[in-house]
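Here are my notes on this model, written as numbered points. Please read them with the structure open.

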Amino acid sequence: MTGQKGLQIEELSIRADGRDLLRSVSLEVRPGEILGIIGPAGSGKTTLLRCLNRLADLDEGLRISGRVFLNGASILGRDADVVGIRRKIGLVFPVPTPLPLSIFDNLAFGPRIGGITAVEELRRMMESSLKSAYLWEEVNDRLNEPAANLSGGQQQRLCLARTLMLEPEILLLDEPCSGLDPISTAQIEEALKVLRKDMAIVLVTNNVKQASRVADKTAFLLLGELVEFAPTRELFTTPRDKRTEDYITGRFG
Ligand SMILES: Nc1ncnc2c1ncn2[C@@H]1O[C@H](COP(=O)(O)OP(=O)(O)OP(=O)(O)O)[C@@H](O)[C@H]1O
Ligand SMILES: [Mg+2]
C-alpha cells in the first residue's frame with residue numbers, strides 16, 4: 001500500500017510473441033485530474049487500458065510485469081479482486097456498444113448484477129448518470145425505447161452513462177469520440193471536465209487537440225515507449241523530446 005489516491009502505474013511492461021508492446025511505462029493520475037494519452041496507431045494505448053481494467057488477463061499470450069496501484073492497493077496480483085476492480089475502474093470503448101435492450105435496461109444492467117433491483121433507486125441513479133453524460137434531456141421521456149434507436153453520439157453518451165452507473169473511481173476512455181461529430185464530441189468533453197471532480201480520468205485519444213483541450217497532464221506513447229509525460233500546457237508548448245514536437249505539430253511520419 002502506498003496510501004495514495006488514484007492510479008499509479010510503475011514500470012509497466014507488456015510483451016507478446018517476444019515483442020514489447022509497452023516498455024517500462026510509469027504514469028500517475030489522481031482524482032480531480034484528466035490524464036490524456038496520445039500516440040500514433042500501434043503505440044500500445046489500448047493495450048495499456050486493457051491491462052488497467054484487467055481485461056488483458058483474458059489474453060494468455062501477454063506477459064505483464066510492473067506494478068499498478070489503485071488507491072495504494074496492487075491490482076495486478078493473482079489474488080486481486082478482478083470483479084471489484086472492474087467496478088471501480090470503468091472502461092468506455094471507442095465504438096458505442098449498447099446491449100440490444102432498452103435504454104433503461106442498458107443502464108440498469110450493471111447495478112442489477114450488483115444486486116440493486118429497486119426501480120426507484122435505479123431511476124435515481126439513471127437520472128444522475130444521464131445528466132453527467134449530458135444525455136438526460138434527450139432521453140428522459142423515452143427510457144423504454146431500444147438503445148439502438150439512438151444516434152451514434154447518443155449511444156456513446158449512453159455507454160458513458162452506463163459506466164457511471166457503477167460510480168467508478170477511475171474512468172478509462174479509449175478514443176471515445178473517434179466516430180462522433182463535433183457537437184457530440186464537445187458534449188463528451190464537457191462531461192469529462194465536470195466528472196473529473198469526482199474521479200480520476202484516463203482519456204486515450206487519437207486527436208491531439210482533444211488532449212490539449214481537456215487533459216490536465218498528457219503522456220505521449222510511441223511504439224510502447226513513454227516518450228514524454230508532463231502537464232498538458234508544458235507538453236504542448238515546450239516539448240522536451242523532438243519526437244513529441246513532431247507528433248503534436250503533425251509532422252510525424
Ligand atoms: N494480444 C496481443 N498479442 C500480440 N500483439 C498484440 C496484442 N494486443 C495488441 N498487440 C499489438 O500491440 C501493439 C499495440 O496495440 P494497441 O492496440 O495497444 O495500439 P493503440 O495505440 O491502441 O493503436 P490505435 O491508435 O490504432 O488504437 C500493436 O502492434 C498490436 O498489434
Ligand atoms: Mg487503440
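**Notes on the model**

1. Helix H1 (residues 45-52) supplies the most to the shell around ligand 1, with 3 residues. Helices here are DSSP runs of H or I with at least four residues, strands are runs of E with at least two, and both are numbered from the N terminus. The shell around ligand 1 has 15 residues, and Ala-16, Ala-41, Lys-45, Thr-46 and Thr-47 come nearest. A residue is near a molecule if its C-beta atom, placed from the backbone, lies within 6 Å of it. By type, the shell holds 4 nonpolar, 8 polar and 3 charged residues. Ala, Val, Leu, Ile, Met, Phe, Trp, Tyr, Cys and Pro count as nonpolar, Asp, Glu, Lys and Arg as charged, and the others, Gly among them, as polar.

2. A word on the source. This is a predicted model, in which local features need pLDDT of at least 70, side-chain atom pairs count only at pLDDT 80 or more, and totals for chains, interfaces and linings use all residues. Residues are numbered from 1 along each chain as its sequence is written, while chains are lettered from A and ligands numbered from 1 in the order in which they are written.

3. Next, strand S9 (residues 217-222). Of its 6 residues, 6 are buried (20 or more other C-beta atoms within 10 Å of a residue's own; exposed means 12 or fewer, partly exposed in between; C-beta atoms are placed from the backbone). Lys-217, Ala-219 and Leu-221 point one way from S9, and Thr-218, Phe-220 and Leu-222 point the other way.

4. What does S9 pair with? Strand S3 (residues 34-38) runs parallel to S9, joined by 4 bridges. Strands pair if DSSP finds at least two bridges between them. Gly-36 sits opposite Thr-218 in S9. Strand S10 (residues 225-231) pairs with S9 in the antiparallel sense, over 6 bridges. There, Lys-217 has Pro-231 of S10 as its bridge partner. S9 and S10 form a hairpin with 2 residues between them, and Leu-223 in the turn has a positive phi of about 45°.

5. Strands S1 (residues 7-16) and S4 (residues 62-70) run antiparallel, joined by 8 bridges. Leu-7 has Leu-70 in S4 as its bridge partner. S4 also runs antiparallel to strand S5 (residues 73-74), with 2 bridges. Phe-69 stands opposite Ser-74 in S5. The hairpin of S4 and S5 has 2 residues between the strands, and Asn-71 takes a positive phi near 50°.

6. Leaving out residues up to four places away in sequence, Glu-28 touches Gly-6, Leu-7, Gln-8 and Ile-9. A contact means C-beta atoms, placed from the backbone, within 7 Å.

7. Now helix H3 (residues 103-113). Its buried residues include Ile-103, Asn-106, Leu-107, Ala-108 and Pro-111. Their cover includes helix H4 (119-132), helix H5 (136-139) and helix H6 (152-164). Gly-115 follows H3, with a positive phi near 100°.

8. Last, the core. The largest nonpolar core has 67 residues, and Leu-35, Ala-161, Leu-172, Ile-201, Val-202 and Leu-203 touch the most other members. Such a core is a set of buried Ala, Val, Leu, Ile, Met, Phe, Trp, Tyr and Cys residues joined through C-beta atoms within 7 Å. Not counting residues up to four places away in sequence, Ala-161 touches Leu-107, Ser-129, Leu-130, Ala-133 and Leu-135.

Notes: Two residues are in contact if their C-beta atoms, placed from the backbone, lie within 7 Å.
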